[in-house]
There are 2 protein chains.
Amino acid sequence: MQQRSGQQRPDQQRPDQQRPDLQRLEQPPAPRGARVSRRGLIGGGAAAAGLAGAFVAGHASAQSPSGTSAGTSSYAFRGAHQAGIVTPAQDRLHFAAFDVTTGSRAQLVALLRAWTDAAERMTRGLPAGGGAVEGAPDLPPDDTGEAIGLPASGLTITFGFGPGLFRDAHGRDRFGIADRRPAALAQLPHFPGDVLDEARSYGDLCVQACADDPQVAVHAIRNLARIGFGTVAVRWSQLGFGRTSTTSTSQSTPRNLFGFKDGTHNVKAEQASAVDEHVWVAAGDDPAAEWLAGGSYLVARRFDMAIEVWDRQTLGDQEDSIGRTKGTGAPLSGGGEFTRPDFTMAGSHGPVIPEDAHVSVVHPDHNGGARMLRRGYNFVDGTDALGGLNAGLFFLAYVRDPRTQFIPIQAKMAKADALMEYLQVTGSALFAVPPGAGAGEHVGQALFT
Amino acid sequence: MQQRSGQQRPDQQRPDQQRPDLQRLEQPPAPRGARVSRRGLIGGGAAAAGLAGAFVAGHASAQSPSGTSAGTSSYAFRGAHQAGIVTPAQDRLHFAAFDVTTGSRAQLVALLRAWTDAAERMTRGLPAGGGAVEGAPDLPPDDTGEAIGLPASGLTITFGFGPGLFRDAHGRDRFGIADRRPAALAQLPHFPGDVLDEARSYGDLCVQACADDPQVAVHAIRNLARIGFGTVAVRWSQLGFGRTSTTSTSQSTPRNLFGFKDGTHNVKAEQASAVDEHVWVAAGDDPAAEWLAGGSYLVARRFDMAIEVWDRQTLGDQEDSIGRTKGTGAPLSGGGEFTRPDFTMAGSHGPVIPEDAHVSVVHPDHNGGARMLRRGYNFVDGTDALGGLNAGLFFLAYVRDPRTQFIPIQAKMAKADALMEYLQVTGSALFAVPPGAGAGEHVGQALFT
Ligand code: HEM
Ligand code: HEM
């Protein structure tokens, strides 16, 4: 393209004149010719920071679930734990795994600082960069722009560290942190039913962006990738359009693409002692990795569903595979959605909840009490090779220790679960999720100090 | 899986007890043990039909845009024109192209009838099938279930016919309709910048499902694919998460993934004479294809964006490529978003709106007055081979005649538009979109009678 950007242009109309969403902020009149940035903030960092408070009011804590999916909710980025874990599951997801392409510890740390700043801004509904989007015609904008005018939309951005950050595929300790690797942070074992695509698996870093508006989630990942250019490369990314979990008792239970309610018996934010027991890594859990206290582990597994086959099963078979009814989500042993399943109740041939039903296989009572906080999403990624829809469930779960809370249950499921007949795992990854960043800190700071 | 579906189960709790969304319908109490279907309708077709009216009240016409994105809006499936064209563009899309795998005209017609019935039901927020979802444990459910409990969400389902329906790749007139092929319905020519993937192009039939909730759009396509099993196979499908157009003056202008407002100067529903002139095929337009009167043509083109390259361009260059400002969307010649661009205004070197700026290249004044109704969506489909996000714009446009309103403009754009430096077209298709189905008719009925 020819270089024309220096040329003079006539004055523009006041940018917010057409935009009712800006008016409710009662911002001061913009000077003629001023440019507008995301959220209608005129000018750079200072003004932006001043207004930001308006958006977080009433939703300041990731730990105080609002249960609303109104676009105006926002969650504080900083806190004891990262947001996006016990935060009421938002409706949409964009998840990305990155490989670190630099060998420089300083560059990696600088990236984590830049990501922290950008994430904090974006979760407030501000542009990724400190300047105005349209600050300087001769520079690339410091925000890509597609979320201008959209509210924070409940955006949370959650960062995780993969095993490769501590020791790469060649065994190298690139960043001098190998001795601080959490003992539980290793590649997941191969499970029966795993048909992993390397291009959908692993990664040195991950970012989970959840929001009630997909454009806001995509905008977040895209800007973090842009900021990381030269330091990290996107290894894989996954969009999810429908949450398959509830992480708060205030939320109604959504449905997965098998058509069943999903998230009924999840660990939920309000169950503080269950969250402490099953989700957060506690001080002392791993003496080599005290930096992870207050954090968690994130399991990411891409389950492709054979939906065309599933759709041809009888209702009875579908319900037997899950162990709950399709309509209400009640256990086959009776009652309502939240009634405890009775695995001992006998039917006309065998237990009324079959032993290979998913909820029987994975239930805590059959797994030494182990639980997990599930936070997965439905996906459809076009068409598969056979002319079916490439649909499935992008399974995300947060656990305090994957060795006891995920691996044995997944292994048992892969072997014994009736659902597996309709599932293939095509992507897999495990990340250690550091605690929340405190004031002035970058995410994961304790790992590097 | 073992066959257990016949076995006796204890009584279930009344299915609607947990579901506030059902209560506002004030439906009669359900009998103990009754099963719930989408929208909480108990039992089969008759009861369903009786209640359906409640959902369309106040939103009866696709031609009366509501402008709301509340999940409760719904649009009538039947009418003079198909819904989903001038209907206010919903936020989410699932689009699918199908190949017809049968050679039987009767089977094709039966499918169109079954699709019409299912589409009418689903756009009302009802399950795809006439029976209850949980009607019969020994049959596959006649709805896949993932939209149970979700409102109509403004769903529209729009059907189109590709050239292959009239004559297949071997030149065969499989369905005895070759002589009724509209003259304008042929594969689009190859344009510079086209790098077409056959697996994302063409198709005998298409279905555009738009809704404010992606789960509802996905549910619609999936159930139509399920119903078509054995008669059609999905050739390709595309999800879109963010609309890039406004089709009603009541809507605010959204943004595409270049970060610019998109849809400003679109043909809009309220401009009745422009819609008649540019969108609807009129009686007499094509004597061989009178069945298409009241219909339209749909162009579908998948534009991959080089967003990583775009993001590194200066703001000035980005704005010069589009011809409008990034903040407000005003033309570079000044004013506000809706000010007419002045292509003659001189800048310091050349016109202030560069001649190769997108809006200059495609503007009606530079194309003999030709316009189109754009209705595209943003997409991100994971990662591309180079570690970037596979992002772009799934361009959809409705025109009265693609030979004058799309092909010459696309050809000019491919040659002369500054935007093309950042674009590649990887999918392409053209469809004739029949008029709306009248009472008792199936979609496209006039083509088969
Ligand atoms: C496509 C894959 C999967 C589908 C469709 C699926 C579906 C479901 C459904 C419908 C329920 C019942 C409702 C609820 O309590 O949320 C459920 C529960 C559960 N699932 Fe899965 N699931 C999948 C994968 C997994 C995996 C990989 C694990 C872990 C290894 C897992 C662990 C659980 C657990 C722990 C529960 C709760 C059981 C209880 O406490 O009652 N699921 N799942
Ligand atoms: C990725 C591809 C494309 C992008 C990012 C894009 C972007 C835009 C933008 C930002 C505008 C200005 C706002 C508006 O009036 O809506 C616009 C206008 C327009 N575009 Fe595109 N466009 C794309 C592809 C196309 C194609 C393929 C065509 C047709 C061949 C087209 C035809 C038009 C027309 C007719 C207008 C309105 C011009 C006017 O009347 O002022 N666009 N586009």
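Trainee: Which protein atom is the donor to the iron atom of ligand 2?

Mentor: Start with the term: donors are N, O and S atoms within 2.8 Å of the metal (3.2 Å for Na, K and Ca). Water is not among the atoms, so sites may look incomplete. Here, the iron of ligand 2 has a single donor from the protein, NE2 of His358(B), 2.0 Å away. This is a predicted model: local features need pLDDT of at least 70, side-chain atom pairs count only at pLDDT 80 or more, and totals for chains, interfaces and linings use all residues. Residues are numbered from 1 along each chain as its sequence is written, chains are lettered from A and ligands numbered from 1 in the order in which they are written, and side-chain values use heavy atoms, with hydrogens and water left out.

Trainee: Where in chain B is His358(B) placed?

Mentor: Helices (H or I, at least four residues) and strands (E, at least two) are DSSP runs, numbered from the N terminus. His358(B) is in helix α8 of chain B, residues 358–362. For chain A, the tally is ten helices and ten strands.

Trainee: What pLDDT does chain A average?

Mentor: pLDDT is the predictor's confidence in each residue, from 0 to 100. Chain A averages 86, and 83% of its residues score at least 70. Over residues 1–6 of chain A, pLDDT is below 50; beyond near neighbours in sequence, that stretch has 22 contacts in the model (contact: heavy atoms within 4.5 Å). Residues 11–70 of chain A also stay under 50, with 128 contacts beyond four places in sequence. Where pLDDT is low, the predicted coordinates should not be read in detail. For the model, ipTM is 0.86 and pTM is 0.88.

Trainee: How many disulfides does the whole structure have?

Mentor: A disulfide is a pair of cysteine sulfur atoms within 2.5 Å. The search over all chains finds zero. Take Cys206(A): the closest cysteine sulfur, in Cys210(A), is 11 Å from its own, too far for a bond. Cys206(B) is in no disulfide either, with the sulfur of Cys210(B) the nearest, at 11 Å.

Trainee: Is Cys206(A) buried or exposed?

Mentor: Buried means under 20% relative accessible area, exposed over 50%, partly exposed in between (1.4 Å probe, protein chains only). Cys206(A) has 1% relative accessibility, so Cys206(A) counts as buried. Cys206(B) is buried, with a relative accessible area of 1%. Of the 449 residues of chain A, 62% count as buried.
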